[in-house]
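Dear colleague,

Please find below the structure that I am handing over to you. My notes on selected residues follow it.

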Amino acid sequence: MNAPRPPVKLASAVLETVLERADLAPEAAATAAGAPDAAAALLRIVQAGMMADAARFMAHALPKREAVWWACMCARATAPEAPPADAAALVAAEAWVRKPEEELRREAMARAEAAGFRSPEAWAAVGAFWSGGSMAPAGQPVVPPAEHLTGVAVAGAVSLAAVRREPEKAEATLQRFIQSGLDIAAGGSGRIA
């Protein structure tokens, strides 16, 4: 049996910063406190069964592109046939992950807006938009997004995806999502069956 691959993409996450940004419940924050790094803190939260907190933690601990990809995988897993506006937002977010260029970043926000900011797909696209660049219209003075905003959007996308189909099974769904995020953190695709 192969040992799980280490979540190397969590290595650059500064634990204190993630804890500040993730807005964890006090119990989850206490569980993570004193961990040697972000990966260990995440494992502690997961082992304590605090899946919603683990998802928020992961949204802020993953690098921005990987976090947006994770949101895309969670959205895709719970709505394989999303409404057209949501599907377009998802395609735009995935396009930005594959090629993180300014035009695609702005297209992701346009698609999120067209989807009405109501779906996991739309919030994945917002996560792409908030990843960098400027939030101001093109040609205007640069207004950079705050560093934590991609994590906020991704956490929202993952939370919405977890309750979309069977809200009563949200904890189990979040467990599957966390496994996907750990796969992405280890360099995998994060695809969810």
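Ser119 counts as buried because its relative accessibility is 4% (buried means under 20% relative accessible area, exposed over 50% and partly exposed in between, with a 1.4 Å probe and protein chains only). The model is a predicted one, in which local features need pLDDT of at least 70, side-chain atom pairs count only at pLDDT 80 or more, and totals for chains, interfaces and linings use all residues. Residues are numbered from 1 along each chain as its sequence is written, and side-chain values use heavy atoms, with hydrogens and water left out.

Ser119 lies in the loop between α7 (102–114) and α8 (120–129); helices are DSSP runs of H or I of at least four residues, numbered from the N terminus. Leaving aside residues up to four places away in sequence, Ser119 touches Asp86 and Leu160 (contact means heavy atoms within 4.5 Å).

**Aromatic residues**

Phe117 is also found in the loop between α7 and α8. Its phi is near 55°, a positive value in a residue other than glycine. With Trp123, Phe117 forms a tilted aromatic pair, at 6.0 Å centre to centre and 50° between the planes (ring centres lie within 6.5 Å, taking the six-membered ring of Trp; planes under 30 degrees apart count as stacked, over 60 as edge-to-face and the rest as tilted). Phe117 is partly exposed at 32% relative accessibility, and Trp123 is partly exposed at 22%. Phe117, Trp123 and Trp130 form one aromatic cluster.

With kind regards

Note on methods: Helices (H or I, at least four residues) and strands (E, at least two) are DSSP runs, numbered from the N terminus.
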